[in-house]
Every structure is written in C-alpha cells, then in structure tokens.
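Hello,

Here is the structure I promised to pass on. Please open it alongside this email, and then read my notes below.

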Amino acid sequence: MTLNCIIIDSEAQAVERLKGFFPKVNFLNLVGTYGGAIEAMKHIRQSNIDLIFMDVKMPELSGIEFARILPANIKVVFTTQHEQYAVQSYRVNALDYILKPISFEDFFAAASKALNWFIHDAQEKCVNEIDRLLFVKSDYKTLSIKYDDILYIEGVKDYVKIYTDKGEKPIMSLLNMKKLDEHLPSPEFLRIHRSFIVNMSKVTLIDRFRIVFGDVFIPVSDSYKPAIMRFLEERSV
C-alpha cells in the first residue's frame with residue numbers, strides 16, 4: 001500500500017527537512033508541498049490525497065481549523081513547535097502529533113502509524129463488503145449478489161426471484177422466503193407481503209401502501225403494514 005501525501009507548512013526550512021525524509025520511506029508518495037491551507041485546499045479537491053503532514057500554526061487558516069473541514073478519508077499528522085496544541089489535535093482525529101525539529105525516527109513512527117491505520121481501515125471495508133454479499137444457487141451455479149444491488153425479492157411457489165438495479169432479468173433460486181427474510185438485515189430489508197421482501201434503502205416512492213419501482217407496484221399486505229408504519233414513523237419529519 002502506498003499513501004499519497006502532501007506537506008502544508010509556512011516555514012520553508014521545515015518543508016525541506018520533511019521532504020528529505022520521504023525518499024527513505026517506500027510506502028509514502030509525496031504529491032506536493034504548500035505554504036498554507038488555503039493554497040492546499042484547491043489541490044486537495046482535485047487529487048487523491050491520503051495523508052497530510054501539516055503545521056498547526058499557519059497564516060489565514062490554522063492546521064486545527066483546516067483539519068475540521070477535511071474529508072473523513074484524509075488523515076493528518078500535525079507538525080509543530082508548540083506542545084500545547086496536542087490535545088486540540090486529537091480532538092480533530094489527528095493520527096499523530098510530532099514536535100519540531102522533526103527527527104527521521106519520529107517521522108517514520110508517525111508514517112508507520114498512518115500506514116497501519118489505512119491497512120486496518122481497508123481490511124474492515126473488505127470484511128464489511130463480504131458480509132454484505134448474498135450467495136445463492138441458480139442454474140447449477142452459485143452466484144454472489146451485493147445487498148446494495150437488490151431492489152426486491154419475489155416469492156413464487158418454491159422459488160424466489162431476486163430483482164436488482166442492474167437492469168438484468170431476475171435471478172431465480174430455490175429458496176424459502178421465510179429463511180431469506182431471517183437472513184437479510186433488518187430494517188434495510190423488510191417483508192411487506194407474503195410474496196415480497198423489499199430493500200427499503202432503494203425505495204423512493206410509496207403510493208397508497210404500494211412500493212413503486214418504475215412501472216412495478218408492490219402491494220403492502222395488511223399483516224405487514226404495522227412494520228412499514230414503524231419504519232416510516234421513525235424516519236419521517
């Protein structure tokens with residue numbers, strides 16, 4: 001894994017010192033250096049930045065203030081001469097805080113901490129993606145279907161038809177609706193009828209207790225109306 005980084009510091013000497021460390025760390029890629037947060041902001045929007053080494057005390061916009069408005073996927077290591085900013089830095093979820101003049105040992109420790117964070121985050125995302133897969137047998141094959149792709153599921157006798165938002169024909173599988181209902185996460189997926197389970201995160205229109213997907217109208221049966229009412233009441237304003 002390689003982390004794309006930038007340096008934001010108004011002190012030219014501090015920038016040059018940090019720049020000299022990057023060639024020694026093979027998992028860091030220095031994309032650019034900036035004298036202030038305002039200047040850097042224009043480029044961050046256009047670049048895939050993972051990590052910022054940033055001074056706390058800067059003109060126009062401090063490092064602490066800038067960290068508060070950064071996207072959550074961009075992490076910060078603060079570099080400063082002032083110990084008193086340490087508590088504030090961790091309040092804005094900084095990964096680390098290193099004091100100037102910065103030694104290579106401190107720089108490498110902070111960079112390694114950042115790498116470990118990104119590796120752990122990537123592993124968690126991978127686990128979450130796997131957890132959100134439904135494996136079903138269809139036509140002598142086992143298919144994986146992402147929960148996020150499912151629109152609704154229709155029970156037809158001993159089979160189910162799984163409709164997705166991919167515009168393809170439904171996937172048919174020999175499955176039990178009750179078992180499927182128990183397996184899928186609730187309330188994201190709700191049983192609204194003896195023959196239908198709906199992905200509520202995909203619902204954009206409910207018309208007279210009918211779930212509408214394009215030109216398809218799925219009825220909500222009386223026995224399942226209380227569940228739908230609770231779902232709507234909890235999310236209505």
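In what order do the five strands of the open sheet lie? The order is β2-β1-β3-β4-β5, and the pairing is parallel. β2 and β5 (96–99) are the edge strands, as each pairs on one side only. From one strand to the next, the twist averages 20°.

Keep in mind that this is a predicted model. Its mean pLDDT is 89, and 96% of the residues reach 70 or more. Among the elements, helix α4 (residues 86–91) has the lowest mean pLDDT, at 57. Strand β12 (residues 196–199) has the highest, at 96.

Now look at one pair in the sheet. β1 and β3 are joined in the parallel sense by four bridges. Cys5 has Leu51 in β3 as its bridge partner.

Next, the helices on the sheet. Helix α2 (residues 37–44) lies across β1, β2 and β3. It runs at about 155° to β1. α5 lies across β1, β2, β3, β4 and β5, and runs at about 170° to β5.

Last, helix α1 (residues 12–21). Ala14, Val15, Leu18 and Phe21 are buried there. Why are they on the same side of α1? Because they cover an arc of only 115° around the axis.

Best wishes

Definitions and conventions. Residues are numbered from 1 along each chain as its sequence is written. This is a predicted model: local features need pLDDT of at least 70, side-chain atom pairs count only at pLDDT 80 or more; totals for chains, interfaces and linings use all residues. Side-chain values use heavy atoms; hydrogens and water are left out. Buried means under 20% relative accessible area, exposed over 50%, partly exposed in between (1.4 Å probe, protein chains only). Helices (H or I, at least four residues) and strands (E, at least two) are DSSP runs, numbered from the N terminus. The arc is that of the directions from the helix axis to the C-beta atoms. pLDDT is the predictor's confidence in each residue, from 0 to 100. Two strands pair if DSSP finds at least two bridges between them. Axes are lines fitted to C-alpha atoms, for helices over the stretch in contact, and angles run from 0 to 180 degrees between N-to-C directions. Contact means heavy atoms within 4.5 Å.
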